[in-house]
Structure formats: structure tokens, C-alpha cells
Amino acid sequence: MASVLNLPLNVGQIDDVQELKKARKTKIPIRFVRDVAERPMLATTPSPLSSSIPVIDFRKLMSGNKEEFHLEILKLSASCEEWGFFQVINHEIEVDLLEKIEKMGMEFFMLPVEEKQKYPMAPGTVQGYGQAFVFSEDQKLDWCNMFALGLVPHSIRNPKLWPTNPPMFSETVQTYSKEIRKLCEYLLRFIALSLGLNANVFEEMFRESVQAIRMNYYPACPRPDLVLGLSPHSDGSALTVLQQGMGNTVGLHILKDGTWVPVQPVENALVINIGDTIEVLTNGRYKSSEHRAVTHKEKDRLSIVTFYAPSYEVEIGPIQEMIDENHPCKYRRYNHGEYSKHYVTSKLQGKKALDFAKIPPKKSL
Ligand SMILES: O=C(O)CCC(=O)C(=O)O
Ligand SMILES: [Fe+2]
């Protein structure tokens, strides 16, 4: 796929981090070494906040018990307002399937680099194997190998990037993605209800939602204090579903009230986060939180991430019900396809991408 930027990009040399690990060099190439202010402060003791990341019980949302449902909806609403993140348990996706996609992801990343490079992510694009969001040769790199595929609508698929090896990889991605799509549809209904809106509001607005999958592989790094696995960012999606490898170390950090909070993996849970699109639609009531990934000195980590977003044709802007005297409109209206293009052609830089949509607050006289 050609770069959406339509410019020749000089991204310089992008070392494959798994190959760097194999070479067992203790010195980290300078392009991966972060400026002091960006380096992760890796706590040696667990953060007291890490246990407080909300856990939503999907079974309670699906149950016919009104009281249980109501309490869980309130919890969902508080999670989206205060964290922009929650972990969902009892999500009805078979554990076997979660294990299978993880196995496929691991097998893929364990292939020889020449095999993985048969599916190259061209500079300035976001599908295939490589590193996304790199646009210049002086940009710092993440300690991560990515493999990403567009799934829905069919028109965003690039069949040349669908691996034939491991043999069951592509089939598993399909099965997994159908299940995750159902979960996203349900969650958006519950999110709508938690805002006092009609359950179908997002589904109707989004038309045929765009769905993509990205697997991030973070090899162990001899100096996790100097590098980042994934630069701080918020997601451009409506919703993101993140599966952390079973038994993996803590790698995901969420920025909450100015502090990076590590997300302790909960067995068989999926991590959900609000993307920029829901932030805009709710006029900022539900926020897309900035997050990042860090690496570990001895252990590799895999994450499997699904991005779910409106169709590119859809016009986005705060929903009328979210605007009133006390909540003036904070975002302009725009075409989601344009935002998506803007997002994938900018380097990951906290919540900067969302400036695209922000209406500057009126200066008081
Ligand atoms: O690997 C992680 O935990 C974070 C991944 C992520 O934020 C992303 O792929 O957008
Ligand atoms: Fe993310």
C-alpha cells in the first residue's frame, strides 16, 4: 500500500528489535534511547493505583437482573469518565480462542525475520510487519515489532499482507475478529445506555464500522529504563480491545491525573479503552486516555489490539444531547476518514492528534 502521505519518506534505518535482542548487544542503538523526560520511571514496587483499574462484569450487563445491570452501567459510566479504560471479564469469548490467537501471534513473531519481511509495512503505512508512525530519520523508535491488518470493510484489506505461515494464522484472525466485533457492538450499546442515550445511537451512526488488528511484540530489552515499547498516545478509534498475553509482565501504562499507572493483567480479561472518536461524540465526557507500553529486562511481551471505528464516510461531532449551557461544544464536526488519515500520518505524541478536532476555548474578557 502506498503511503497516504504521497511523499517520499526518509525514515532512516529501522532496526528490527527482535534481531537486536538476538545479537545480545548490551548497548542500545541511539535511535531507541529516549530523551530523559520521556524515559519510563520503572517502579520496583507495584503502584497502589494499579489494582484500582475498573473491572466490568459483562455477564451482569447481559443479565436480566435489573438491579445488577443498573449498578454495572453506573460502574461503566464512572470507568469511562474517570479512566477511559476498564478491563472486561466474563465477555463470552471462549478462552480457547484467546489462547489460539495468542499462540498464532507468538508463532508469527518467532518466524525468521526474512519470512516476516515478506509482509512489509511500507513507510508511512499502518498494515503489515514493521514499525508504524515513523516519518523521519531523526524520530526516536519504539522497542516493538508490529504486525497489523485491516479487516473491515473488505476494501481496506491487502491480501498480499495476509500470512500463509503460520498455516492457521489468517483463519484464526478472522474467527477472533468476528467475536471481538460482537463484543464491540455490545459495549457500544452499553456505553450509549450509560450516557442516557438510545442503545443504537452509535451503531446507526457508524454504518459499517472499520475494524483493524495489530499485534505488538516487545522483546526483552537490556535497558528498559532508557526505551519505550510504544510511545504515549491515545487511540484514534471509537473503542479499542486489547488482549495482553497470558502470564505476561505488566507493560501497559495509563496516564491518570499526571501519573503513569501500570495495568495489572487480569486472567482472561480484555482491556477496553475509549478512543478519540467517543471522546468527540460525548463532547469530552468520556475521555480517550493517554497510554504507553514499557519493556522488561528479561521477558518478552505480546499484545493483540483491535481498533473499532466508524465508517470513513461518517461525519463526526459531539452528539446534541451532550451539549448544553454547562457543556459548550468542544469539538468541531469533521469527516472520520479525514481524522483517520490525519491520525495515521502523525507520529504518536500523547493526545496531540485530537487537536485536529478541538475548538479552542473562548478567551474570557
Ligand atoms: O501493548 C500495549 O499494551 C499497548 C498497545 C497500544 O496501546 C496500541 O497498540 O495502541
Ligand atoms: Fe493504544
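**Entry 1. The loop between S4 and H6**

I began with Pro 166, which lies in the loop between S4 and H6. I note at the outset that the model is predicted. Asn 165 and Pro 166 are joined by a cis peptide bond, and I read its omega as about 0 degrees. I then looked up Pro 153, whose place is in the loop between strand S4 (145–152) and helix H6 (169–194). The peptide bond from Val 152 to Pro 153 is cis, with omega near -5 degrees.

**Entry 2. Helix H6**

I next followed the chain into H6. How many residues does H6 have, and what should they span at 1.5 Å a residue? The 26 residues of H6 should span 38 Å, and the end C-alpha atoms are 36 Å apart, which agrees. I listed the buried residues of H6; among them are Phe 169, Val 173, Tyr 176, Ile 180 and Leu 183. Cys 184, Leu 187 and Leu 188 of H6 are also buried, as are Phe 190, Ile 191, Ala 192 and Ser 194. After H6 comes Gly 196, and I recorded a positive phi near 75 degrees for Gly 196.

**Entry 3**

Strand S3 (residues 128–130) pairs with S4 in the antiparallel sense, over 3 bridges. In this pairing Gly 128 stands opposite Ala 148 in S4. S4 also runs antiparallel to S5, and 7 bridges join S4 to S5. I looked up Ala 148 again here: its bridge partner in S5 is Arg 214.

I then asked which strand pairs with S5 over 9 bridges. The strand is S12, and the sense of the pairing is antiparallel. As one example of a facing pair, Tyr 218 stands opposite Arg 301 in S12. Why is S5 described as largely enclosed by the rest of the structure? The reason is that 8 of the 9 residues of S5 are buried.

**Entry 4. The surroundings of ligand 1**

I looked up which residues surround ligand 1. They are Arg 214, Asn 216, Leu 230, Asp 235, Leu 242, Gly 251, Leu 252, His 291, Ala 293, Ser 303 and Val 305. Two or more residues of this shell come from each of strand S5 (210–218), strand S11 (291–293) and strand S12 (301–309). By class, I recorded 5 nonpolar, 4 polar and 2 charged residues in the shell around ligand 1.

**Entry 5. Two asparagines with positive phi**

I examined Asn 90 and Asn 283 together. Asn 90 is not a glycine, yet its phi is positive, about 55 degrees. Its place is in the loop between strand S2 (85–89) and helix H4 (95–109). Phi of Asn 283 is also positive, near 55 degrees, again in a residue other than glycine. Asn 283 lies in the loop between helix H8 (276–281) and S11.

Is Asn 283 buried or exposed? Asn 283 has 20 other C-beta atoms within 10 Å, and therefore counts as buried, since the cut-off is 20 or more.

**Entry 6. Gln 87 in strand S2**

I remained with S2 and looked up Gln 87, which has its place in that strand. Gln 87 counts as buried because it has 21 C-beta neighbours inside 10 Å. Gln 87 and Pro 54 are 33 residues apart in sequence, and their C-alpha atoms are 6.3 Å apart in space. Leaving aside residues up to four places away in sequence, Gln 87 touches Ile 53, Val 55, Val 266, Ala 269, Leu 270 and Val 271.

**Entry 7. The whole chain**

Finally, I considered the chain as a whole. The chain has 9 helices and 14 strands. Its C-alpha trace spans about 60 × 50 × 45 Å along the principal axes. For 365 residues, a compact globule would have a radius of gyration near 21 Å; the chain has 20 Å, which agrees. Of the 365 residues in the chain, 40% are buried. I also looked up contacts between residues at least 6 apart in sequence: 79% of these join residues at least 24 apart.

How values were computed
Residues numbered from 1 in each chain as written. Chains lettered and ligands numbered in written order. Predicted model: local features only at pLDDT ≥ 70, side-chain atom pairs only at ≥ 80, totals over all residues. Near = placed C-beta within 6 Å. Helix = DSSP H or I, 4+ residues; strand = E, 2+ residues; numbered from the N terminus. Nonpolar A, V, L, I, M, F, W, Y, C, P; charged D, E, K, R; others polar. Buried ≥ 20, exposed ≤ 12 C-beta atoms within 10 Å, placed from the backbone. Rg over C-alpha atoms; globule rule 2.2 N^0.38 Å. Contact = placed C-beta atoms within 7 Å. Pairing = 2+ DSSP bridges. Expected span 1.5 Å × (residues − 1).
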